[in-house]
Amino acid sequence: MFDDHRWGFDWTEFMTGVVFLVAAYFVMKQPKAALLSLVFLFAIAAIISGITTIAGYTKLRRETGLRANFALVFAIIDILVGLLFLFHAPTGILVLGYLFAFWFLIDSIERLTVASHLKVFGMGYYVLSLIFDIITLVLGLMLLFSPVVAAFTFNVLVSFYFAVFGINAILIAFARRN
């Protein structure tokens, strides 16, 4: 019989997780890297994140109903932020801390909005995803409200965010395989 909750292994979510883990490694390994290269790397990560959410929109809507529309709006914002970083790097550099804070907040809110669909795959996946989403939400708030702290710890905060977001994306990819 047709199983509405069957997703299969989510390769796009898995690849998103890997990209974010690579980004986390890059930020920590090369803290003195040119800011421009970070802007381009993050632009691509934002675009991939948005495309991944859009690719899973139909299934997500089936699982979460109208709440999936929030994910769709946030995915479009992800893509727009990525395009801004990609095609107008000076703007990205100028307001990088705030843009990253908003991006982190948007992604965290989007994930929290639709996390309930993970209950179908197991309560453990749901709880872990909630924990990761709350951590990334707090990091986004730290970047937004503490620009001085963010300036001194930008590499660590961004790397930690990318690592947590990447692990969560990989966790979701495996959760959906059931």
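**Close-up views of a predicted helical model**

View 1. The unreviewed UniProt entry marks residues 7–28, 34–57, 93–113, 125–145 and 151–175 with the annotation "transmembrane region". The structure shown here is a predicted model. Take the segment 125–145 as an example: the chain there is 100% helix and 0% strand, and its end C-alpha atoms lie 30 Å apart.

**View 2. How confident is the predictor, and which helices have the lowest and highest mean pLDDT?** Across the protein the mean pLDDT is 82, with 87% of residues at 70 or more. Among the elements, helix 4 (residues 67–87) has the highest mean, 91, while helix 5 (residues 89–94) has the lowest, 70.

**View 3. Phe 132 and its surroundings.** Look for Phe 132 in helix 7, which spans residues 123–145. Its relative accessible area is 18%, so Phe 132 counts as buried, the cut-off being under 20%. Beyond its neighbours within four places in sequence, Phe 132 contacts Val 164, Ile 167 and Asn 168. Phe 165 is 33 residues away along the chain from Phe 132, yet their C-alpha atoms are separated by 7.1 Å.

**View 4. The largest nonpolar core.** This core has 30 residues, and those touching the most other members are Phe 42, Phe 85, Phe 100, Trp 103, Phe 104 and Phe 162. Helix 1 (11–29), helix 2 (35–55), helix 4, helix 6 (96–114), helix 7 and helix 8 (147–175) each give two or more residues to this core. A second, separate core holds 6 residues, including Leu 118, Phe 121, Ile 172 and Ala 175.

**View 5. Contacts of Phe 104.** Leaving out residues up to four places away in sequence, Phe 104 touches Thr 136, Gly 140, Leu 143, Val 158, Tyr 161 and Phe 162.

Conventions: Residues are numbered from 1 along each chain as its sequence is written. This is a predicted model: local features need pLDDT of at least 70, side-chain atom pairs count only at pLDDT 80 or more; totals for chains, interfaces and linings use all residues. Side-chain values use heavy atoms; hydrogens and water are left out. Helices (H or I, at least four residues) and strands (E, at least two) are DSSP runs, numbered from the N terminus. Buried means under 20% relative accessible area, exposed over 50%, partly exposed in between (1.4 Å probe, protein chains only). Contact means heavy atoms within 4.5 Å. UniProt positions are given in the numbering used here, feature names are shortened, and annotations may be inferred rather than shown by experiment. pLDDT is the predictor's confidence in each residue, from 0 to 100. A nonpolar core is a set of buried Ala, Val, Leu, Ile, Met, Phe, Trp, Tyr and Cys residues joined through side-chain atoms within 4.5 Å.
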